[in-house]
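Q: Could you walk me through reading domains and pockets in a model like this one?

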Amino acid sequence: MSEALLTPLTARRGGPLTGRIRVPGDKSISHRALILGAMTVGETRISGLLEGEDVLNTASAMRALGARVESLGGGNWSIHGVGVGGFAEPAAPLDFGNSGTGCRLVMGAVAGCPITAVFDGDASLRKRPMRRIVDPLVKMGARVLDQADGGRLPLTLKGATDPLPLEYETPVASAQIKSAVLLAGLAAPGETIVIETEASRDHTEKMLKHFGARIASKPHGDHGRRIVLQGQPELEPAAIAVPADPSSAAFPLVGALIVPGSEVILDGVMLNPLRTGLFTTLREMGARIAEENKRDEGGEEVADLRVSYSTLKGVEVPAARAPSMIDEYLILAVAAAFAEGTTRMRGLKELRVKESDRLEATADMLRVNGVKVEIEDDDLIVHGGGGVTGGGNVNTHMDHRIAMSALMMGLASKEPVRIDDSAFIATSFPAFVDLMKGLGANLSADLS
Ligand code: S3P
C-alpha cells in the first residue's frame, strides 16, 4: 500500500481523560453467536453484536453458506440457521479480511459438512498459519484441495461427508484450534474430545451449552481442561446478549492509567476469568481499577470499571497467564513503559503469529518512541522510568491493536506519537477514535 492510501493519525498529550463509555461487544462472542446461530434450526436473536469489520465478514460468510442473517439496527441481529451439517456450498470464496478467528472457526464448521469452500483473507491473514487448524480437521475427514505455500490462505477445504469424532490435544493453548475441532465435532457421531494443557477462552463451550448441546469440561493437569462434546445435537435457538469486550476496554483503561488526573468508567465489561489476565497484571503494577455494579449479562459476569490515573511499577508476568491476556501484551507494554522499573513478560511465542508479529512490533513501537526494550527468547522486557519521549512514527503492520496501543502511548508521552494507518482499528473497535475524543483524547489526522 502506498503512503497516499493510508490514514495516519497522531496522538498528543492533553488534559485528563474523563467520562463514561461502553466499549463495543466482545469480538470472540460475536463471531461465535453468528456461527452457532447459523448452525441452529430456527431464529436466533443477538443483541450488542460487535459491528466491526472482522465480525461483519463472518456474517457475510454465514450468508454465503445459506443462513439468513439480518441486521435489525442498534447492534440487534436476527439469524435463521440451517442446522448442524446443513451449510450450502458457497458460490464464491469466503473472504475473512483481517480475521483469524472468523476464518478458523468457520473452517471447523465447514469441515463437518459435505461442501467445498475457498477460504481467503487480506495480506495479514494470508501470512498466518492454518495448518494448526487444518491438521485436526483432516483427521476428522475433511480434505485440503488447494492451499498457498506453507499451508496458508487462499485454501480450499472439502468438508467430510461422514465426519469422524476425534480426541485431540491442542499443540498450543488456542481457543481457535479448540473451537474449530468442537464445531466440526458437532456433525460427527459420538464424543469429540479436546484436551488443552493451558486453558484458553471458553466462549465456544459456554455458548454450545446455551444452545442445548451436551458438553462438559473438567480440569486437566495444573492449568488445563478436558472438554467432551456429544456430537449431532439439535441446536435450539437461544437469545444472546453480547457483553462489552475486555480486550477493547483495555485501551481506554490503560489510557486512563497513564494520563495524569484521569478517571474513566467503562460500562459492563466482561470479567470472564479466562480473559482478565491484563486486569490482574495491572493491579499487581499498582493500577486503581474498581469493579462497580457487578452483575450477570448474557451468562457472563460483567462490571462497570472505574479506572483512575495510577503510579505503576514494573512486574514479572508469568507465562501461564498468557492465554488469559494473549491480545493484551501490546497495551500492557505501553503501561510498562510508563511504570517505574522493569516489566518482564514471559512466554510470548504465540504473539509472533497474530495479526502481525506482535513480539517484534511491540518492541519496535516502543523503541521508536525512546523506550528501552529487549526480546530474550520468547520474553519481552520493557524498562520503564522517567516517562516516554515519544516523537515516533509507528508502523501498524495492518494490526488494529498496534494502532490503538500506540495512540494511547501518545496521549501521555512528551512528544506526539504518529501511526502510519488507523484503518484497521475498524476491524474490532469502529468507534474508537470518537469514543476516545469524547473522553478528552487529543487525536488528529494533521501532522502539525
Ligand atoms: C480468539 C482466540 C485467540 C485470540 C483471538 C481471538 C478467539 O487466539 O488471540 O484474538 O476468539 O477464539 P488463539 O486462541 O488462537 O491464541
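Predicted model: local features only at pLDDT ≥ 70, side-chain atom pairs only at ≥ 80, totals over all residues.

Q: How many residues of domain 1 are in contact with domain 2, and how much area do they bury between them?

A: The size of an interface is often given as the accessible area lost when the parts come together. In this case 28 residues of domain 1 touch 29 residues of domain 2 (contact means heavy atoms within 4.5 Å). The two domains bury about 2300 Å², 51% of it on carbon and sulfur atoms; buried area is accessible area (1.4 Å probe) that two parts lose on being put together, summed over both. On the domain 1 side, Leu274, Pro323 and Thr427 lose the most area to domain 2, together 24% of what that side buries.

Q: What is the count of salt bridges between domain 1 and domain 2?

A: Four, where a salt bridge is a side-chain nitrogen of Lys or Arg within 4 Å of a carboxyl oxygen of Asp or Glu. Arginine 201 also pairs with aspartate 327 in a salt bridge, with the closest N and O atoms 3.6 Å apart.

Q: Now pockets: which residues lie nearest the centre of the largest pocket?

A: Rolling a probe the size of a water molecule over the atoms shows where empty space is left. On a 1 Å grid over the protein atoms alone, a pocket is an open set of points where a 1.4 Å probe fits, with protein on both sides within 12 Å along at least five of seven lines; lining residues have an atom within 4 Å of a point. The largest pocket has 42 lining residues, with Ala173, Ser174, Ile326, Glu350 and Lys354 nearest its centre. Its lining draws at least three residues from each of domain 1 and domain 2.

Q: And which residues sit nearest the centre of the second largest pocket?

A: Ile258, Pro260, Tyr309, Phe338 and Gly387, out of 17 lining residues.

Conventions:
Residues numbered from 1 in each chain as written. Heavy atoms only, no water. Domains from an automatic or database assignment.
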